[in-house]
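Thanks for making time this morning. I would like to walk through one structure with you, starting with its charged pairs and then turning to its sheets and a few backbone details.

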Amino acid sequence: MGAAPAPAYDPGTARREEAYAALGQVMDPELDEPITDLGFVRSLELTGEAAGDLEVHLRLPTSFCSPNFAYLMASDAKDVLTALPWARRVVVELDDHHDSDLINRGLAADAGYLGTFRHEAEHDLEELRMTFRRKAHAAAMERCLTGLLRRDPDRPVESLGGVTLGELPQDRYAGALRRRRSALGLPDSPDAPVLVDHTGRGYPPEEVPLALRRARSTRISIDGNAHFCRGLLRTRYPGSDADQVPRPDGAEQADDPTFIPLTTLVPAAAGTTRR
Amino acid sequence: MYTKDDESYFIVDAHIALWDARPENQRTIHGKQFIDCFYDYHRNLSPESEVWSYEEYLYQGGERLMKDLFEDGYVDHAIFQPAYLGEFYNTGFGQTEEASALARAHPDKLTYNHNFDPRNGEVGLEQLRRDAERFDLKGVKLYTAEWHGDSRGWKLDDPWAYRYFEACQELGIKNIHIHKGPTIRPLDRDSFDVADVDHVATDFTELNFVVEHVGLPRLEDFCWIATQEPNVHGGLAVAMPFIHTRPRYFAQIIGELLYWIGEDRIQFSSDYALWTPKWLIERFVDFQIPEDMTEYAPLTLAQKKKILGLNAARMYDLDVPAELRLPEAEQDAGEPDVGPRQPEAADLARA
């Protein structure tokens, strides 16, 4: 018979892709990036006869990453996977964390944050999540406005208070800003001012320089932390750079995993520190 | 002292440790995880030539410490900032006896700061009084994420902490170093939150609060608080080695600090034995803000001298040789106590 038969439709692969895409909706709240881009998804397996059983393992840059953030990401991952129409049994486990046992038990029992950490937790995590949404918004706003200043150094900084969404170049920075705005419920119309706080309040001209300056320090914090965490993940898990999508914001040479393969510097010690 | 291009610098390493993380001292798996985390920081941020083996990293001892800091490392004076971590290590992480004995043997080179935990209540308060006398304490290092029985953290503005700060004022323990970096707990509160520093800095104006790791990864929160509180300082532990792998990020950190809190309240530290001071000092003296970062003014020689040692020397009343001091006119930048330092550099367009 001539041509080879077309490969059979492989629901495992399609579902795997679908599951991975769903995990791409889960953000590290602090770094403002999807856990898939950060390389935090260690494995994703479809098991069971109907391939509707999913097991996902997450990993983080250190054993001591904040447990509240760790819990947020792991429980968000379980939520997005459970929401897939074909998903049957979803297991999400966090590996190599000082609270792995506690968090994994809590996830398995769907105990929620308060149920997982019991006496140590007094409030749920929505407020914390909101704090980082505000920071992500401030950083995205600063990137856009600083971009305008870089292009036109003669522009008075006070004038930035009057810039509207419609005046921004329609690039990825503007796109990122609009997503952050919608997460906070801020207006998306072309005439909406860009420089606003998390409630949508703008600034009079004399307050604009300081507002921009504060947003800048927020952006520097997030960018720096994101690259530090990415680097630490690569140090802790050799080869994990293959799972990371490069982050352009605030990038430096050292962020390119091909530039300094730090994990190769101490090959003798690597075996003693890994499990 | 470090000399380069006919300029000499008085060096104070304001945050060092003599730790023991060897397996025999690890009380739980968390003891191993903790030192592994440090070792990953070390491997991730160090130049290739400065990377130690894992075994070297677990414990250094006094002799090696003296060599790394004072023979090889240009340091004139260093200050122990020990973390106790008694739930992770049998005899604690920082070695109280060994470090304090070393400081007694070299009083001109070393200052021993100790720690306290307000969850020890009255007993701990009495201990603090004894420790203050025994070690002649000028400062303490506080680790609010310390585990303690069922509790996995405390806040600087807890009522018992206030009792301890009152004791500090009375005992002349003026310099309160606070670890605000990668932490563990408290849980449902943001573990890196520096808001509690704001409260105590306002209520204890006689004390200096040195926020170690300049609040990273919450630099902006730290800067905002420090801008408003003249007795809040920034320690560069863990921020320093970014000078190698991420020099532009380092430039931004220094640029932001100079803008928000000014040149008189920033302290160099290697965070030994996370890193050794030699290469950090060499690189900092050579360091300059990249030219395209027009939002920041270039670093001046006086700023470098203050950060590398003169600021901490003043806080700890250290004797700085006359030739290593700054001329009178440059000693005080004449900056305001509160508010941003460089309002004229508040935006890109005007720089």
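Predicted model: local features only at pLDDT ≥ 70, side-chain atom pairs only at ≥ 80, totals over all residues.

Let me begin in chain A, where the side chains of R143(A) and D249(A) meet in a salt bridge with an N to O distance of 3.7 Å. This pair links distant parts of the chain, since R143(A) sits in helix α6 (residues 126-151) of chain A while D249(A) belongs to the loop between α8 (208-236) and α9 (267-273), 106 residues apart. Both R143(A) and D249(A) are buried, and both take part in a network of salt bridges that also includes E33(A), R172(A), D223(A), R230(A) and R247(A).

In chain B, K4(B) and D286(B) form a salt bridge at 2.6 Å, N to O. K4(B) lies in strand β1 (residues 2-4) and D286(B) in helix α11 of chain B, so this pair ties together parts that are 282 residues apart in sequence. K4(B) counts as partly exposed at 27% relative accessibility, and D286(B) is also partly exposed, with a value of 48%. A further salt bridge in chain B joins D20(B) to R22(B), whose closest N and O atoms are 3.1 Å apart; here D20(B) is buried, with a relative accessible area of 8%, whereas R22(B) is partly exposed at 28%.

Now to the sheets of chain B. In which order do the 5 strands of the open sheet run? The order is β6-β7-β8-β9-β10, and the pairing is parallel. At the edges stand β6 (139-142) and β10 (266-267), each with a single partner strand, so one side of each is left without a neighbour in the sheet. Further in, β7 (residues 175-179) and β8 (residues 208-212) of chain B pair over 5 bridges, and N175(B) has N208(B) as its bridge partner in β8(B). Helix α7 (residues 195-203) of chain B lies across β7, β8 and β9 (232-235), running at about 165° to β8(B).

Another open sheet in chain B has 3 strands in the order β3-β4-β5, again with parallel pairing. Its edges are β3 (12-16) and β5 (110-112), and because each has a single partner strand, one side of each is without a neighbour in the sheet. Neighbouring strands of this sheet are turned by 15° against each other on average, direction ignored. Strand β4 (residues 77-80) pairs with β5(B) over 3 bridges, with A78(B) standing opposite L110(B). Helix α3 (residues 61-71) of chain B packs on the sheet, touching β3, β4 and β5, and its direction makes about 135° with that of β4(B).

Finally, the backbone. Most residues other than glycine have a negative phi, and most peptide bonds are trans. Against that background, D96(A), in the loop between β5 (89-94) and α4 (100-108) of chain A, has a positive phi near 60°, and D317(B), in the loop between α12 (301-315) and α13 (328-331) of chain B, has a positive phi near 50°. Are these residues buried or exposed? D96(A) is buried at 17% relative accessible area, while D317(B) is exposed at 68%. The peptide bond from Y272(B) to A273(B) is cis, with omega near 10°, and A273(B) is found in the loop between β10 and α11 (277-286) of chain B.

Key. Residues numbered from 1 in each chain as written. Chains lettered and ligands numbered in written order. Heavy atoms only, no water. Pairing = 2+ DSSP bridges. Helix = DSSP H or I, 4+ residues; strand = E, 2+ residues; numbered from the N terminus. Contact = heavy atoms within 4.5 Å. Axes fitted to C-alpha atoms, helices over the stretch in contact; angles between N-to-C directions. Buried < 20%, exposed > 50% of the residue type's maximum accessible area, 1.4 Å probe, protein only. Salt bridge = Lys/Arg side-chain N within 4 Å of Asp/Glu carboxyl O.
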